[in-house]
Amino acid sequence: MIDDDIRKLAQQQSHRSLAGLEVDIWAGVEACAREHRFSRVVYSCQAAVMAVVLLTSIAAGTHVASAQNQQSALNVFSTRADLAPSYRLIGH
């Protein structure tokens, strides 16, 4: 089966010219190399952005955590606040 197909292909004349094949191959290799270099730059930029986002979120979280340690008179979610519903219902 396969041998017959190979013989038929060998007897046929080639309809394509192979004159520009090597040039096309090297152009494809260069295109792949360009894409690879570009993707490395993009990944580096993405990593830098993620690092900045991580550091910013850590700084914001630290700031919020330190601000919560200071007791506020308008902290409505605290059980000690004067404006908390539990404080008003019990009548302290």
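What separates aspartate 4 and arginine 7 in helix 1 (residues 2-11)? They are 3 residues apart, which puts about one helical turn between them.

Welcome to a short tour of this predicted model, in which local features need pLDDT of at least 70, side-chain atom pairs count only at pLDDT 80 or more, and totals for chains, interfaces and linings use all residues. Residues are numbered from 1 along each chain as its sequence is written, and side-chain values use heavy atoms, leaving out hydrogens and water.

The protein chain has 3 helices and 0 strands, where helices (H or I, at least four residues) and strands (E, at least two) are DSSP runs numbered from the N terminus. Read from that end, the order of elements is α-α-α.

Of the 92 residues in the protein chain, 3% are buried. Here buried means under 20% relative accessible area, exposed over 50%, and partly exposed in between (1.4 Å probe, protein chains only). The chain exposes about 8800 Å², with carbon and sulfur atoms supplying 63% of that area; accessible areas come from the Shrake-Rupley method with a 1.4 Å probe, and for residues only the protein chains shown count as cover.

Now to the charged pairs. A salt bridge requires a side-chain nitrogen of Lys or Arg within 4 Å of a carboxyl oxygen of Asp or Glu, and the model has 2 salt bridges by this rule.

| Salt bridge | Closest N to O |
|---|---|
| aspartate 4 and arginine 7 | 2.9 Å |

Aspartate 4 is partly exposed at 41% relative accessibility, and arginine 7 is partly exposed at 48%. In the other pair, glutamate 30 counts as partly exposed at 37%, as does arginine 37 at 40%.
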